[in-house]
Amino acid sequence: MRMAGVPALIGLLACNGTKPSITQDAPATAPVVSQARAAAVDGGHPEPIRVLVASEDTDLLSLIRTERLRARGEGRTLVVYAGASWCDPCRRFKEEVHSGRLDASLSRITLLVFDADRDTDRLASAGYGFRFIPFVALPGVDGHPLETEEARGKGSEAGLALVATLERWQNQSSRPR
């Protein structure tokens, strides 16, 4: 989906009584996980994808570096994500994350979600520029992206094509270095 001059509103988090609205700022250190999905972890199921909502009042590169280190310390891979509520592929990806259907394949992924309406320029100035959404990036040690990928194609399934990239990044990060 092309961002035709209109900044996007991030569309990753499903809103229910246990989660902050995507329009609210939540600290990037507070994972957003439903109670039901958290209980599933205790029952031997895969750990859910973690979703962190980036606040707008922090230095972007510092936030990314901090969350990357935290994720690595927990054996997870941090991925920067940008999407929009009006974007069909973003909505489909959001539904898949919220439902838990991606937990088995992406159990060690932490998504750091940015609101494209307010963060597009801030992301671009740090090297996270994009033309199409959803957008994912693998940050490096310095906070700048090592790799990026934008959804390609049309329809609600376009965002799910990014899952293979997220799996690859997760598997690369789990190898000894």
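How many disulfides does a search of the whole structure find? The search finds 0, a disulfide being a pair of cysteine sulfur atoms within 2.5 Å. A disulfide is a covalent bond between the sulfur atoms of two cysteines.

The structure is a predicted model, in which local features need pLDDT of at least 70, side-chain atom pairs count only at pLDDT 80 or more, and totals for chains, interfaces and linings use all residues. Residues are numbered from 1 along each chain as its sequence is written, and side-chain values use heavy atoms, with hydrogens and water left out.

Cys 87 has 0% relative accessibility and counts as buried. Buried means under 20% relative accessible area, exposed over 50%, and partly exposed in between (1.4 Å probe, protein chains only). Cys 90 is also buried, with a relative accessible area of 0%.

Cys 90 is one of the buried residues of helix H3. Helices (H or I, at least four residues) and strands (E, at least two) are DSSP runs, numbered from the N terminus. H3 spans residues 88-99, 12 residues in total. Its first and last C-alpha atoms are 16 Å apart, close to the 16 Å expected at 1.5 Å a residue; the expected span is 1.5 Å times one less than the number of residues. Pro 89, Cys 90, Phe 93, Glu 96 and Val 97 are buried in H3. They cover an arc of only 125° around the axis, which puts them on the same side of H3. The arc is that of the directions from the helix axis to the C-beta atoms. An α-helix has 3.6 residues a turn, so residues three or four places apart point the same way.

Pro 89 lies in H3 and has 2% relative accessibility. Just after H3, Gly 100 takes a positive phi of about 90°.

Helix H2 covers residues 60-73 and has 14 residues. It reaches 20 Å, close to the 20 Å expected. Its buried residues are Leu 60, Leu 61, Leu 63, Ile 64, Glu 67, Arg 68 and Ala 71. These fall within an arc of 155°, so they line one face of H2. On the other side, Leu 69 and Gly 73 are exposed. The buried residues pack against strands S1 (50-53), S2 (77-83), S3 (109-115) and S4 (135-139), and against helix H4 (116-125); contact means heavy atoms within 4.5 Å. Gly 75 follows H2 with a positive phi, near 75°.
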